[in-house]
Amino acid sequence: MLCLLFLGPFFATATMRLLINNACIQSFQVLQLQQTFDSSLEKPQFPGASAEFVDQLEFIQPNVISGIPVYRVMDRQGNIINPSQDPQLSKETVLNFYQKMTMLNTMDRILYESQRQGRISFYMTNYGEEGTHIGSAAALDPNDLVFGQYREAGVLMYRGFPLDHFMAQCYANADDLGKGRQMPVHYGSKDLNFVTISSPLATQIPQAAGAAYAVKRENTNRAVICYFGEGAASEGDAHAGFNFSATLECPLIFFCRNNGYAISTPTNEQYRGDGIAARGPGYGMLSIRVDGNDVFAVYNATKEARRRAVAENQPFLIEAMTYRIGHHSTSDDSSAYRSVDEVNYWDKQDHPISRLRHYMTARGWWSEDDERSWRKQSRKTVMEAFERAERRLKPNPELLFTDVYQEMIPSLNKQRESLWRHVQQYKENYPLDLYEK
Amino acid sequence: FLEPEASSCEGMMAAAARLFLRGANSKLSIAPGSLGTTLLKLSPNCSSRTKTQRRHAAHFTFQPDPVPSQYGPTQKMNLFQSITSALDNTLASDPTAVIFGEDVAFGGVFRCTVGLRDKYGKDRVFNTPLCEQGIVGFGIGVAVAGATAIAEIQFADYIFPAFDQIVNEAAKYRYRSGNMFDCGNLTIRAPWGCVGHGSLYHSQSPEAFFAHCPGLKVVIPRSPIQAKGLLLSCIADKNPCIFFEPKILYRAAVEQVPEDPYTIPLSQAEVLQEGSDVTLVAWGTQIHVLKEVASMAQEKLGVSCEVIDLQTILPWDIETVCKSVVKTGRLLISHEAPVTGGFASEISSTVQEECFLNLEAPISRVCGYDTPFPHIFEPFYIPDKWKCFEAIKKMINY
């Protein structure tokens, strides 16, 4: 094939066509030589699959009754089941897990309420899924690139995203790193390697595969993690991402938060197979199902997946089973499609925060007093950030027009000038006082 | 590409055509010149003279540009070779650059990536699974991670599964993240436009769909020299670019193309010939039709035409087109894509806003009809030189 580049003038002729054909046939034959064909052997010769022959007609049963088991480290009361699986993290680390999860919970309560009061336009809580965020984030390197969906704020919080920045994005004020362009909870942080969230679901999945491929070529031992829900996993982009990452050997962790609902759609209307973990083998991918409400199980699985993904350049699929305690968003009232009893069960009997607290109190690392003072302190911190965000002006409306392209283009500049002139003329009809000048 | 040698029924077995058709060929590939050839030889209807069987000649004549002197030594290249040259230059100078898509590893169905895998390695030039939304999504990810991503979509007709990734993701990445993230390192290439027999799914010109999407750049070259320079500009450009390559020109267009890298600026339309009576605007293959129309108009009507190659569809060079229409007072825009909502409507709308009082006649659009791209009716469908010529006549006599 190499010779073709240097035979420019002759391409059009039939003679050259023959040569190309022969060259192509030859290279095809070279490829075929790598697999010897021998029809005397009673083994299938198909290029597409390397299996054995069978002479009994039998359909493979999808194993949905006793599916892939759920890996856990703690029971629902926070007791370690198998001591060899206790990651034996330091008190400092575990306290940090707990404080991050509860800080997230507190921030969620306050921002949810602020939407109810008309202070911000929209919000999505993370109730019940804090374990999936903190456990996985803690198992990663700070330089690992994160692609999220929209219910992973705890990952950002774990990495140190300041409350002021969370609030700024939700309020779309002048401190928003995203310059006020997106709805609340569409966070992003270049410094913390958290790619800005977008509303279309599952689009991040093939993107994560591409990023992981590029990261692999950099040879810096970084990994990429990609979060998504069990609903988003139905999108075509999910199939694309899984297949590409396996075929192209990417150091990537797919982290599925299976929380039982995609808005109102329960899992039995989302898929018929054994959840998302069972799809992994179909792509040639190592897969595991974990108890998402067990922060140590999430931590252990993510840690091992990360280690191997980078060492072996292959993707891993972690399906973290959990439950979405809150509504889908402030635009949803989940009592329309599920019972309060169901929600209460998860809130009271199987919650990542209380399970970790039991683990801590059992070791004498956390007391009632600690709990009381921490609640007070975290609430105060969140409220202070909240009040600061409330007072802040919105970004300059000039920012409506920038970053469409890297450079400003003439036609857009004209539109910008036209808006400016219009607003000057009709200024009493525009809320200019709320925005920076 | 494994095709039989041309035999007595050469007219029927135009080998070149099969190269362009996806997945065709499988039945004829293994045993050249056997049963099929014999049957055809024996058939009384098989004669290259028969009218119904003779394939229609191309609707244009490719007009090469003069040899450029400012970019160093040149080499005779056709369009696909000029693309290979641009990609070769890129892989040589940018260690992060990767090329991927369906069938690019062996050289691509149009030979645009021939030799590159052997030269630069299988981690840089590789096949992906058959999934356009995956190809573009993956490409976005590569670009976001800071590497140069050159994604190939096998035919522009198949770009639609990737529409969400292109429009909702690639185009908006920078804006929505407050400039923290972007996929400026992404370039998407796809074969584009009519090819004589491509029919619904191997002939489309989808530029209008993407022209409606701020954040993207859409570029279409008319020739090998243009293609290499514009593609290199797209790759260098810090915004996601879609580069449509007129497939009918892949082999038909031959020019002396500089071997070294060079760029042709984006968003700058080129006035190919100056004129005083009518402005003719097109891009890609249609430029060659319009150049011929300009000669016809001069010869038969004494009408002097100014021919403009738009080159970049988005963002388009409003200034150059308007400046020309202010001078001539008449505008004809021509493209293969269907007329309704086609890009000519955007040009027409903007020009009438900016140059209303300069217009001597309504702006004329000579485009494809509002039908899917037909197979056997292609000679009637396309905006050929006779339709453009007639439109000029009408404008002159308005």
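Let's start where two chains meet: helix α7 of chain A and helix α5 of chain B cross in a right-handed way. Keep in mind that this is a predicted model. Two packed helices are described by the angle between their axes and the distance between the axes. Here, α7(A), residues 236-247, and α5(B), residues 132-144, pack at about 70°, and their axes lie 9 Å apart. Angles of 65 to 115 degrees count as roughly perpendicular, so α7(A) is roughly perpendicular to α5(B).

Which residues make the contact? On the α7(A) side you'll find A:Gly236, A:Asp237, A:Ala240 and A:Phe244, and they meet B:Gln133, B:Gly134, B:Ile135 and B:Phe138 of α5(B). Sort the residues in this contact by class and you get four nonpolar, three polar and one charged.

Now move along chain B to a sheet. It's an open one with five strands, in the order β9-β11-β10-β13-β14, and the pairing is mixed. At the edges sit β9(B), residues 270-273, and β14(B), residues 364-368, each pairing on one side only. Going from one strand to the next, the twist averages 25°.

If you want a landmark, look for B:Gln273, which stands opposite B:Val307 of β11(B).

Finally, there's a helix packed on this sheet: α11(B), residues 286-301. Helix α11(B) touches β9, β10 (278-282), β11 and β13 (331-338) of chain B. The direction of α11(B) makes about 175° with that of β11(B).

Technical notes: Residues are numbered from 1 along each chain as its sequence is written. Chains are lettered from A and ligands numbered from 1 in the order in which they are written. This is a predicted model: local features need pLDDT of at least 70, side-chain atom pairs count only at pLDDT 80 or more; totals for chains, interfaces and linings use all residues. Side-chain values use heavy atoms; hydrogens and water are left out. Axes are lines fitted to C-alpha atoms, for helices over the stretch in contact, and angles run from 0 to 180 degrees between N-to-C directions. Helices (H or I, at least four residues) and strands (E, at least two) are DSSP runs, numbered from the N terminus. Angles under 35 degrees count as roughly parallel, over 145 as roughly antiparallel, 65 to 115 as roughly perpendicular and the rest as oblique. A crossing is left-handed if the near helix is turned anticlockwise from the far one by less than a right angle, and right-handed if clockwise. Contact means heavy atoms within 4.5 Å. Ala, Val, Leu, Ile, Met, Phe, Trp, Tyr, Cys and Pro count as nonpolar, Asp, Glu, Lys and Arg as charged, and the others, Gly among them, as polar. Two strands pair if DSSP finds at least two bridges between them.
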